[in-house]
Structure formats: structure tokens, C-alpha cells
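Reader: I would like a close look at one helix and the charged pairs around it. Please go through it in one connected answer.

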Amino acid sequence: MYLKDVVRKLTLSLTVAAALFTPFIANAAKAEYKWKMVTTWPKNFPGLGTGANDLAKLIGEMSDGRIQVKVYGAKELVGALEVFDAVSRGTAEMGHGAGYYWKGKVPAGQFFAAVPFGLTAQEMNSWIYSGGGLALWQEAYAPFGIIPMPGGNTGVQMGGWFNKEINSLADLKGLKMRIPGLGGEVLKRAGGTPVLLPGGEIFPALQSGAIDATEWVGPYNDMAFGLHKAAKFYYYPGWHEPGTTLEALINKKAFDKLPKDLQSIVLNATRVANANMLAEYTARNNAALERLVKEHKVDLRPYPTEVLEQLKSLSEQVIEDEAKKDPMSKKVYESYKTFRQQAVEWHEISEQSYLNSRNPQ
């Protein structure tokens, strides 16, 4: 009787184990393509890093395991700012980052990330998917053997962390601030010094005094980095990044090796990941902001109206100048500017009008 019980229990255990591990074995066996994705974000960093994870997971699930994508955080395989080159060379089949990080290689890429006083997340998606932006983006990256796709959006960001009050444009003069892309060029025009740093290096730089101020993303991400421990004043709005689009980079040679159905899966997975990230930021930011203000006593302040007006004027000059630097930037900017004008006109009587009625002054 005892021996029968042992055999029965052993048989049951083996059956359960087989049920648990069979899907993993089956997926490993059916994997036709094993890809690597390198990112500019720290491994599993909330919103950004987990957004890359989400994209990899979606590709695996939607392909029923035929494509497996392993995600590498910044510095695990390549440096945070080396993602573009890694995908271009084929070191990794995919990358996840933002276009302003490699403006030295492809200046036009900045327009697909964030433009000061430019398009919001909703408007960016409209321009890219339905206004001709995606075709231009892919044209700009084609010489590097890369296919870019939207891979997430943070929505309107915060204005940044400072250790002194910003009461006038003069307060930005001589300021060393971590701020990338076109926003950094505007700061330079205002007399400040823009510094390009990947996310993982911001806190120690701010804490040590290597930089005087920084912007990152918004409350959800900023609190995760502990930026409130290194700076006192938290300004809004993020005039420099009103709807920051993150990008999924795909090595074209690797993509071309996929059958049509898997190509469609990869491209459409980026669309889902793009929507998922914006939803996450919208859901998480305010709770994080409340904690920063109530628990950590952060001094939350709006930029003075006069400062925003002057920054807007400088932004217009900078963007026009940047667009003249190369033919591709000029081509992209013309499309962007045309779309922005019609988006502004429509949203004045739709989104803006509604928001004004919801929150009357």
C-alpha cells in the first residue's frame, strides 16, 4: 500500500512538472528568431525600461514564441548612448531610446522625439501615423540600416529640478543643466550650458554639483531616481518636451529576414507598446507628484509667465536655425510645422476649449 502511494505521488508530481515546463520547452523549440534589444534605460526602470520589456513580451506573445526578444538595460551590452550604433551595426536586432540622444548622427531625429512648445503626445501620434511623419522618420534613418517606430510616449514632462529659484531668464545664465535635444539648444541660447547625460548618471551628477539642474521625465520617473533628494525646486510645465516619443529601433537586415506575418507582428507590437506607455504615465504621475509634495516637501512651482514667453521666442529661433542645418531636417521640419499649425487650430476649438470649460478660471 505504501509503495503504491509513493508511485502515485511521484506520477502526479511528474505530471504537474511536465504541465508547468512544457510551454517553456515548446516555446524554446519553436523560436525561429532570437533577437536582442538594447536600451538607453536602466534595467527594468519604471515606465521606460519596463516599456521596452513590454514591447519584447508583446512580440513574443503575438508571434506565439516564434520571435524571442531578450532585453538588455543600459551598460549591460552597450552603453546607454550607444544604442543607435549597436542596432545600426547589427550588434542587436532592436533598440529602445529617443531620437535626440543621437542628434550628432541624424539631426532630424530630434523632431521625432520632442520639440519645445511643439506637439503633444496625441498630436505626435497623429503626425507620425496619419500625417506623413513616419515615412519621413524612416527615410531619415534608412542610411543607417534602421527602421524606427514609435515605442512609447511620456506625455507632457515636467520643467525640471533646480537648487535655486527661476524668476527670470537671467537665472538660467551660467546654469549647467542636464537637458537633451532641441531643449538643450534653447537653454544654450538663453546663456546656460546643456549637458547630455543618460538617466542612470543624473542623480550623482546633481548631488555632487557637477550639474546645477536637471530635467528627466515627470514625477513617476523622477521620484524613482530620487531626484528630490538632490534638488529643492520642481518646476512645470515641460516646455521643452510636450509629448516625448520614445523609439523602437529595428535593424533592417534582421527585419527583412522575417516572413511577412512576423514583420507585421513586430510593427504592430510597437503600436501597442506605444499606447501602453502613455497610459501608464497618465495613470501614475499624479500619485507620485502628491507624494513628492506631501511626503518629501518638494517646492512645486510654475515657471513665471514671462520666462515661458521668452523661452518660446528663443525656441522658435533655435528650431528654425536647426532646420536649416541639413536637407533632411528641413524636410522634416516643414512637415512638422504644417501639421502643428492645423493641430493648434483644431485643438483650440476642441481639446483646449473643453479643458477650459472643465476648469474655468
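Are K57 and E61 buried or exposed?

Author: Both K57 and E61 are exposed, where exposed means over 50% relative accessible area, buried under 20% and partly exposed in between (1.4 Å probe, protein chains only). This is a predicted model, in which local features need pLDDT of at least 70, side-chain atom pairs count only at pLDDT 80 or more, and totals for chains, interfaces and linings use all residues. Residues are numbered from 1 along each chain as its sequence is written, and side-chain values use heavy atoms, with hydrogens and water left out.

K57 and E61 form a salt bridge, with 4.0 Å between the closest N and O atoms; the term requires a side-chain nitrogen of Lys or Arg within 4 Å of a carboxyl oxygen of Asp or Glu. The two are four residues apart in helix α2, and are therefore separated by about one helical turn. Helices (H or I, at least four residues) and strands (E, at least two) are DSSP runs, numbered from the N terminus.

Helix α2 covers residues 49-62, 14 residues in total. From first C-alpha to last it reaches 20 Å, close to the 20 Å expected at 1.5 Å a residue; the expected span is 1.5 Å times one less than the number of residues. The buried residues of α2 are G49, G51, A52, L55, A56, L58, I59 and G60. They pack against β1 (33-39), β2 (67-72), β3, β10 and α10 (260-294), contact being heavy atoms within 4.5 Å.

Strand β10 pairs in the antiparallel sense with β3 (residues 94-97) over four bridges, and two strands count as paired if DSSP finds at least two bridges between them. In that pairing H96 stands opposite A248.

Just after α2, D64 takes a positive phi of about 55°. The side chains of R66 and D261 meet in a salt bridge at 2.6 Å, N to O. R66 lies in the loop between α2 and β2 and D261 in helix α10, so this pair ties together parts that are 195 residues apart in sequence. R66 is partly exposed, at 22% relative accessible area, and D261 is also partly exposed, at 37%. E32 joins R66 and D261 in a network of salt bridges.
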